[in-house]
Amino acid sequence: MKKKCDYCDNYFDDSESNCPYCGAPNEHISRNSDQQPQTISELKQWYVSHNLPDEKITRFFIGKDVKEARCFGIYQDENSGDFIVYKNKDDGSRSIRYQGKDEKYAVNELYQRLRAEISNQKKNTRPSSSKSTIKRRKSNTSFQIIFALIILFMILSFLFQFSFGPRIGYYRYNGREYYYTNNNWYYYDDFLDDWLYSDDVDYELNEDASDYYQSKDYSSQYGTSDFDDSQWASDDSDFSSDWDNDSSWDFSDSWDSSSTDWSSDW
């Protein structure tokens, strides 16, 4: 993610410890997880280690310039040396997400899109519970106890969330819109016009969240889409956090690339 230098107003990668233009220290340095890939080679390894289906199924081609319709990809151009992140839409036309010398930035663009697609696939392929296979053999007393414990847990969680740490809702920090829920941060991508999961946020945003808090309720003044309409919103409280760096694709789940919006630029 790019940030604006507090001293010279130039933009640079927020993972840099110092501004490359004026040398000023980056007081809001963003540390990426060691497991987040930063090169094309590392992204390939990440893909394999998470047991994702074959690239012809997911339609994510890493290190390849594929000309077919309906695919995402990243590769390094042999002539210019540029790293190119692209999407071939359903009509065969190509949309370039990024082209430049910054391999780390290019890899992160495809990495975030791949994570978003994984979440979308998991959401669409979560098996529904079969009423015929669910057997309830608990007495009314046991059910009442469990129900009471659930209500108590929800109340305590609600009180804890409003007493300590970030609250559920919208935040404005360093010129970017964020949303916090279920111990996860999300940021709004203007180009994609969608909410994306954030692996890491600045220490200041986490520690002084109340200084940047806007509201729990959506407002068109934020210049974003409603988070409740995003792929991350779910009635199931555990869904928004069901995918992290340690998770892997379950081959019992099917991957249906036809559910992807292939008409959009990204």
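These are my notebook entries on a predicted model of one protein chain.

**Entry 1. Overall picture**

I started with confidence. The mean pLDDT of the chain is 82, and 78% of the residues reach at least 70. I keep both stretches in mind when reading the model.

Next I took the totals. I count five helices and eleven strands in the chain. The chain has 266 residues, and 40% of them are buried. I looked at contacts with a separation of 6 or more: 52% of them join residues 24 or more positions apart. The accessible surface is about 15500 Å². Carbon and sulfur atoms hold 46% of that surface.

**Entry 2. Helix α1**

Which residues of α1 are buried? I find Ile-40, Leu-43, Trp-46 and Tyr-47 buried in this helix, which spans residues 40–49. I then looked down the axis of α1. The buried residues fall within an arc of 115°, so they line one face of the helix. Gln-45 and Val-48 sit on the other side of α1 and are exposed. Just after α1 I noted Asn-51, with a positive phi of about 55°.

**Entry 3. Positive phi in loops**

I checked two further residues for positive phi. Asp-9 is not a glycine, yet its phi is positive at about 70°. I place Asp-9 in the loop between β1 (2–4) and β2 (11–13). Asp-9 is partly exposed, at a relative accessible area of 46%.

Asn-174 is the other one I looked up. Its phi is near 50°, again positive in a residue other than glycine. Asn-174 belongs to the loop between β7 (169–173) and β8 (176–181). Is Asn-174 buried or exposed? Asn-174 is exposed, with a relative accessible area of 51%. The cut-off for exposed is over 50%, so Asn-174 falls in that class.

**Entry 4. Helix α3**

I went to Gln-112 in helix α3, which covers residues 103–125. Gln-112 is buried, with a relative accessible area of 8%. What does Gln-112 contact, leaving aside its neighbours within four places in sequence? I find Tyr-187, Tyr-197 and Asp-199.

Arg-113 forms a salt bridge with Glu-117. The closest N and O atoms of this pair are 3.3 Å apart. Both residues lie in α3, four residues apart, about one turn of the helix. Arg-113 is buried at 9% relative accessibility. Glu-117 is buried too, with a relative accessible area of 2%.

**Entry 5. Other salt bridges**

The structure holds ten salt bridges.

Asp-189 pairs with Arg-97, with 2.8 Å between the closest N and O atoms. Where do the two partners lie? Asp-189 is in strand β9 (residues 184–189), and Arg-97 is in strand β6 (residues 94–100). The pair therefore ties together parts that are 92 residues apart in sequence. Asp-189 counts as buried at 9% relative accessibility. Arg-97 is buried as well, with a relative accessible area of 15%.

Arg-59 and Glu-68 form another salt bridge. Their closest N and O atoms are 2.9 Å apart.

**Entry 6. Nonpolar patch**

Last, I looked for nonpolar surface. One patch covers about 790 Å². Phe-143, Ile-146, Phe-147, Ile-150, Ile-151, Phe-153, Met-154 and Ile-155 make it up. I traced Phe-143 to helix α4, residues 140–163.

How values were computed
Residues are numbered from 1 along each chain as its sequence is written. This is a predicted model: local features need pLDDT of at least 70, side-chain atom pairs count only at pLDDT 80 or more; totals for chains, interfaces and linings use all residues. Side-chain values use heavy atoms; hydrogens and water are left out. Patches are made of residues with over 30% relative accessible area and no salt bridge: like charges are joined within 9 Å, nonpolar side chains (Val, Leu, Ile, Met, Phe, Trp, Tyr) within 5 Å. Accessible areas come from the Shrake-Rupley method with a 1.4 Å probe; for residues, only the protein chains shown count as cover. A salt bridge is a side-chain nitrogen of Lys or Arg within 4 Å of a carboxyl oxygen of Asp or Glu. Helices (H or I, at least four residues) and strands (E, at least two) are DSSP runs, numbered from the N terminus. pLDDT is the predictor's confidence in each residue, from 0 to 100. Buried means under 20% relative accessible area, exposed over 50%, partly exposed in between (1.4 Å probe, protein chains only). The arc is that of the directions from the helix axis to the C-beta atoms. Contact means heavy atoms within 4.5 Å.
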